[in-house]
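Welcome! Take a moment to look over the chain below, and then let us walk through it together.

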Amino acid sequence: MRIPGFDHLAIAARSLDEGAAWLADRLGVAPEPGGKHPLMGTHNLLLSLGSGEYLELIAVDPDAPDPARPRWFGLDGFDGPPRLAGWVMRQSPLQPIPGTTVSQASRGDLRWQITLPDAGQMPQDGAQPMRIDWGGGAHPSDRLPDRGLRLTRLTLPLDRMPLDDPRIVPGAAFAAVIATPDGEVAL
């Protein structure tokens, strides 16, 4: 059994182009190509947050058919500006919580199991984490250039913190702070 840990943040957007411009304006760097999630009808772009951690910009893939289940991160009917929509913690072995289903996914040499929220969004607008197990294989952060971005704080409006990580703290609102080469940025 591996120690649970922070894996990635998810920023939702109406389109990858809109979200990429929003992130580049805030963080000073453009996200890198990611891939498609056929099971969910979504696609993404990525930014490294350091070893074993990343930021995922995610949007509905306009070329994909609608999935048979609600899309993750509340993307069905998503509107408004890009925003923090959820986060994912590493857990091995994966232990789903009530209201989630474990699903297998792969893309290239990436293989993972993930807990998908049955309702499409985790409780408290994504402040409760989804869980992922990379099975000891490749991780997206392994191939992303390090642009000097780091998660410095993840504020969660939860009674109990899901991880023992000094960056994850209780608070009134779901928010993240990223350190950039030009200073800290709140998302």
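## The order of elements

From the N terminus on, the elements of the protein chain run β-α-β-β-β-β-β-β-β-β-β-β-β. That comes to one helix and 12 strands. Please keep in mind that this is a predicted model.

## Overall dimensions

Along its principal axes, the C-alpha trace of the protein chain spans about 40 × 40 × 35 Å. A compact globule with 187 residues would have a radius of gyration near 16 Å, and the 15 Å of the protein chain agrees with that.

Of the 187 residues, 52% count as buried. The accessible surface of the protein chain comes to about 8700 Å², and carbon and sulfur atoms hold 52% of this surface. Among contacts with a separation of 6 or more, 62% are between residues 24 or more positions apart.

Helix H1 covers residues 16-27, which makes 12 residues. From its first C-alpha to its last, H1 reaches 16 Å, close to the 16 Å expected at 1.5 Å a residue.

Which residues of H1 are buried? They are Leu16, Gly19, Ala20, Trp22, Leu23 and Leu27. Seen down the helix axis, the buried residues of H1 fall within an arc of 165°, so they line one face of the helix. On the other side of H1, you will find Asp17 and Asp25 exposed.

## The nonpolar cores

The largest nonpolar core has 32 residues, and those with the most contacts inside it are Leu9, Leu27, Leu55, Trp87 and Leu154. Two or more residues each come from H1 and from strands E1 (2-12), E3 (42-48), E4 (54-60), E5 (83-92), E9 (150-156) and E11 (175-180). H1 gives the most to this core, with five residues. Apart from this core lies another, of 22 residues, among them Ala12, Tyr54, Ala85 and Met130.

Leaving aside neighbours within four places in sequence, the contacts of Leu9 include Leu49, Leu55, Leu84, Trp87, Leu151, Leu154 and Ile178.

## A closer look at His37

His37 lies in strand E2, residues 32-37. Is His37 buried or exposed? With 7% relative accessibility, His37 counts as buried, because buried means under 20%.

What does His37 touch, not counting residues up to four places away in sequence? Its partners are Thr42, His43, Asn44, Glu56, Ile58, Trp72, Arg107 and Trp112.

Technical notes: Residues numbered from 1 in each chain as written. Predicted model: local features only at pLDDT ≥ 70, side-chain atom pairs only at ≥ 80, totals over all residues. Heavy atoms only, no water. Helix = DSSP H or I, 4+ residues; strand = E, 2+ residues; numbered from the N terminus. Expected span 1.5 Å × (residues − 1). Buried < 20%, exposed > 50% of the residue type's maximum accessible area, 1.4 Å probe, protein only. Arc of directions from axis to C-beta. Core = buried A, V, L, I, M, F, W, Y, C linked by side-chain atoms within 4.5 Å. Contact = heavy atoms within 4.5 Å. Rg over C-alpha atoms; globule rule 2.2 N^0.38 Å. Areas by Shrake-Rupley, 256 points an atom, 1.4 Å probe, with all protein chains shown as cover.
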